[in-house]
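This briefing goes through one protein model, from its overall layout down to single residues. Please look at the sequence and the structure first.

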Amino acid sequence: MPWCEDCSKFWTPTSMNRDGTCPTCGRQIGEPAKVPWHFKLLVIATVLYLGFRAWQGFVLAEEHGVLVYVLAALAVLGVGAWGLVRRRQRSGAA
Ligand SMILES: [Zn+2]
């Protein structure tokens, strides 16, 4: 378990900052947290699967002649999400 001399305190790997520094004083007290390879594999597989399903959805929408509406709905959702992210960033920085 990593020990911080300045704070005289033990930190568990999950309570440290992700870069391995002390949450209180910012000293380097441990190894930076590494992302396990199987987690990256899971993310890649998920992105590939969801991308494939999205592509299937676009093909289906085109076959039924509603692709324009799907794209319009996605644009509205995208603008809404972008607005939420911007508002959260502004309130978080203040
Ligand atoms: Zn410390």
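Of the 27 residues of α1, how many are buried? The number buried is 0, so helix α1 lies largely in the open; a residue is called buried if 20 or more other C-beta atoms lie within 10 Å of its own, exposed if 12 or fewer, and partly exposed in between, with C-beta atoms placed from the backbone. The model is predicted: local features need pLDDT of at least 70, side-chain atom pairs count only at pLDDT 80 or more, and totals for chains, interfaces and linings use all residues. Residue numbers start from 1 along each chain as its sequence is written.

**Overall layout**

- The protein has 2 helices and 2 strands, arranged along the sequence as β-β-α-α; helices (H or I, at least four residues) and strands (E, at least two) are DSSP runs numbered from the N terminus.
- Its radius of gyration is 22 Å, well over the 12 Å that the globule rule gives for 94 residues, so the protein is more spread out than a compact globule. The radius is taken over C-alpha atoms, and the rule is 2.2 Å times the number of residues to the power 0.38.
- Along the principal axes, the C-alpha atoms fill a box of roughly 65 × 35 × 15 Å.
- Of the 94 residues, 5% count as buried.

**Domains**

- The domain assignment gives domain 1 (1-34) and domain 2 (36-94); such bounds come from an automatic or database assignment.
- The C-alpha centres of domain 1 and domain 2 are 36 Å apart.

**Helix α1**

- Helix α1 covers residues 37-63 and reaches 39 Å from its first C-alpha to its last, close to the 39 Å expected. The expected span is 1.5 Å times one less than the number of residues.
- Just after α1, Gly65 takes a positive phi of about 70°.

**Nonpolar core**

- Cys4, Trp11, Met16, Cys22 and Ile29 make up the largest nonpolar core, a core being a set of buried Ala, Val, Leu, Ile, Met, Phe, Trp, Tyr and Cys residues joined through C-beta atoms within 7 Å.
- Beyond its neighbours within four places in sequence, Trp11 is in contact with Pro2, Cys4, Met16, Cys22 and Ile29; contact requires C-beta atoms, placed from the backbone, within 7 Å.

**Pro32**

- Pro32 sits in the loop between β2 (9-10) and α1.
- Pro32 is exposed, with 11 other C-beta atoms within 10 Å.
- Leaving out neighbours within four places in sequence, Pro32 is in contact with Arg18, Asp19 and Gly20.
- The C-alpha atoms of Pro32 and Val43 are separated by 20 Å.

Terms used
Two residues are in contact if their C-beta atoms, placed from the backbone, lie within 7 Å.
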